[in-house]
Structures are given as C-alpha cells and as structure tokens.
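Work through the exercises below with the sequence and the 3D view open. Try each task before you read its solution.

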Amino acid sequence: MSADKRVAEALAAAFVGQHTLFWHDTDQEFATDVAAFSAAVDAELVRLDETPALQIKRDIERKPGQRRLIFSTAPEPAPKDDWLLDVRLRSRTFSADATSILLEDLGLTSLSLAPHLKARGRFLRAKDRVDRLKRLVLAGDDAQAIDRKMMAVLLRSDEPDALAITMRLLYGLWAPGEARVGDDPRA
C-alpha cells in the first residue's frame, strides 16, 4: 500500500465521530498533497496560514456539521496564543510523518532508525529506489546495514554485501567508457 493511501486511510479514521481535524505539518511533508487528502475524505480544506481565525470560527458556527480539515505548516500555537483553542478542544488533532510511514513500508521494526532515514530523505524521495530497497531490507536491519543496502540500490547490485558493492564500483572505474556504474558486469 502506498504512503499516500495510508495517510488518506488514517485521515478517514481520524474523522470518525469528528467534524473538525487540525493538522500541523511543520516539516511540510504533505503540504502539496493535503488538498487531495482532504478531497479523499470529503472534507473542506481550510488553510490556517491563509484564513483568519475569526472567519474559521464563523464558518464553523454557520455550518456546524460540515467536515473541515484545518491545515497549517506552522507548529501548534501555545494555548494562550491560540484563537481557535475552543474549536481545538472540541475537535481532534491529526499527524502524519513520512518517515514513520516509510519505516512501516520498509518493514523495519526499530523506530530509532527514523532520524537516520530522515537524513537520507533525498535518496528516499525516488519511488523506484525505495521499491528496490524494499526487496533488500530485513526487519532487524540497523543503520549501517540500511546504508549498505542503499549503496547496493544505487549501484544496481544484486547483493548488498561489501564485496559485491566493491566489485560494482571497481567495474565502473575499470571500464568507464564501456559501462556505467549501474550496468551489469556479466552482461
């Protein structure tokens, strides 16, 4: 199941028994996709960064049964500074973290790997690389094993062991005009 589908399902589950959800995406991991998520759960998207708090309160009072996803890329304000505190107290807060979803997608069991994967976000943004990495990762892998498997993915090595990775690198250096690093040396 894709990460987007997982977020949409989690959002739908969070709306059960609620009409208003707050979502603060401070890392802006889902800022571009939030409109699609909102449409998927049939909720009005209200961007807290673009809509005044008084207008949000007025809209909630005028249509109390309408589903609303109140989205912001700013962190949740302190209670004394929150103009929507009364609305927030009678609603629910939703959160989604792309790194946690990726941990689950890869089948990794250690949540301590989340910062490690987050630091490698550039590698993990490419869906084809993540798909190839999924085939190599084991549930108990540590940070070093994941990095080695990422190298194997980049080099298009069938095996994530140090010898196979070194052979792929050396082959790429030995025949630079004939092959690229990702080509198969046996072909």
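## Exercise 1: A loop residue

Asp-158 is exposed, at 53% relative accessibility. Here buried means under 20% relative accessible area, exposed over 50%, and partly exposed in between (1.4 Å probe, protein chains only).

Before going on, note that this is a predicted model: local features need pLDDT of at least 70, side-chain atom pairs count only at pLDDT 80 or more, and totals for chains, interfaces and linings use all residues. Residues are numbered from 1 along each chain as its sequence is written, and side-chain values use heavy atoms, with hydrogens and water left out.

**Task.** Where does Asp-158 lie, and how many Å separate Asp-158 from Tyr-171, C-alpha to C-alpha?

**Solution.** 
- Step 1. Find the loop between α9 and α10; Asp-158 lies there.
- Step 2. Go to Tyr-171, 13 residues away in sequence from Asp-158.
- Step 3. Take the C-alpha atoms of Asp-158 and Tyr-171: they are 14 Å apart.

## Exercise 2: The overall plan

**Task.** How many helices and strands does the protein have, and which pattern do they follow along the sequence?

**Solution.** 
- Step 1. Count them: ten helices and four strands.
- Step 2. Read them in order: α-β-α-β-α-β-α-β-α-α-α-α-α-α.

## Exercise 3: Shape and surface

**Task.** What is the radius of gyration of the protein, and what would a compact globule of 187 residues have?

**Solution.** 
- Step 1. Work over C-alpha atoms; the globule rule is 2.2 Å times the number of residues to the power 0.38.
- Step 2. For 187 residues, a compact globule would have a value near 16 Å, but the protein has 22 Å.
- Step 3. Look at the principal axes: the C-alpha trace spans about 70 × 30 × 30 Å.
- Step 4. Turn to burial: 39% of the 187 residues count as buried.

## Exercise 4: Salt bridges

**Task.** How many salt bridges does a search of the whole structure find, and which parts does the pair Arg-6 and Asp-105 tie together?

**Solution.** 
- Step 1. Apply the cut-off: a side-chain nitrogen of Lys or Arg within 4 Å of a carboxyl oxygen of Asp or Glu.
- Step 2. The search finds 13 salt bridges. One of them joins Arg-6 and Asp-105, at 2.0 Å from N to O.
- Step 3. Arg-6 lies in helix α1 (residues 3-14) and Asp-105 in helix α5 (residues 98-106), so the pair ties together parts 99 residues apart in sequence.
- Step 4. Check the cover: Asp-105 is buried, with a relative accessible area of 19%.

**Solution.** 
- Step 1. Start with Lys-57 and Asp-86, whose closest N and O atoms are 3.1 Å apart in a salt bridge.
- Step 2. Compare cover. Asp-86 is partly exposed at 35% relative accessible area. Lys-57 is also partly exposed, at 26%.
- Step 3. Follow the shared partners: salt bridges join Lys-57, Glu-61, Asp-86 and Arg-90 into one network.

**Task.** Are Asp-82 and Arg-88 buried or exposed?

**Solution.** 
- Step 1. Find their salt bridge, with the closest N and O atoms 2.6 Å apart.
- Step 2. Both Asp-82 and Arg-88 are buried.

## Exercise 5: A residue in helix α3

**Task.** Is Ile-60 buried or exposed, and which residues is it in contact with beyond four places in sequence?

**Solution.** 
- Step 1. Locate Ile-60 in helix α3.
- Step 2. Its relative accessibility is 8%, so Ile-60 counts as buried.
- Step 3. Count contacts as heavy atoms within 4.5 Å. Leaving aside neighbours within four places, Ile-60 touches Thr-20, Arg-68, Ile-70, Val-87 and Arg-90.

## Exercise 6: Positive phi

**Task.** Where is Gln-28 found, and what is its phi?

**Solution.** 
- Step 1. Recall that most residues other than glycine have a negative phi.
- Step 2. Gln-28 is found in the loop between β1 (20-24) and α2 (34-40).
- Step 3. Its phi is positive, about 55°, although Gln-28 is not a glycine.
- Step 4. Gln-28 is exposed, at 51% relative accessible area.

Technical notes
Helices (H or I, at least four residues) and strands (E, at least two) are DSSP runs, numbered from the N terminus.
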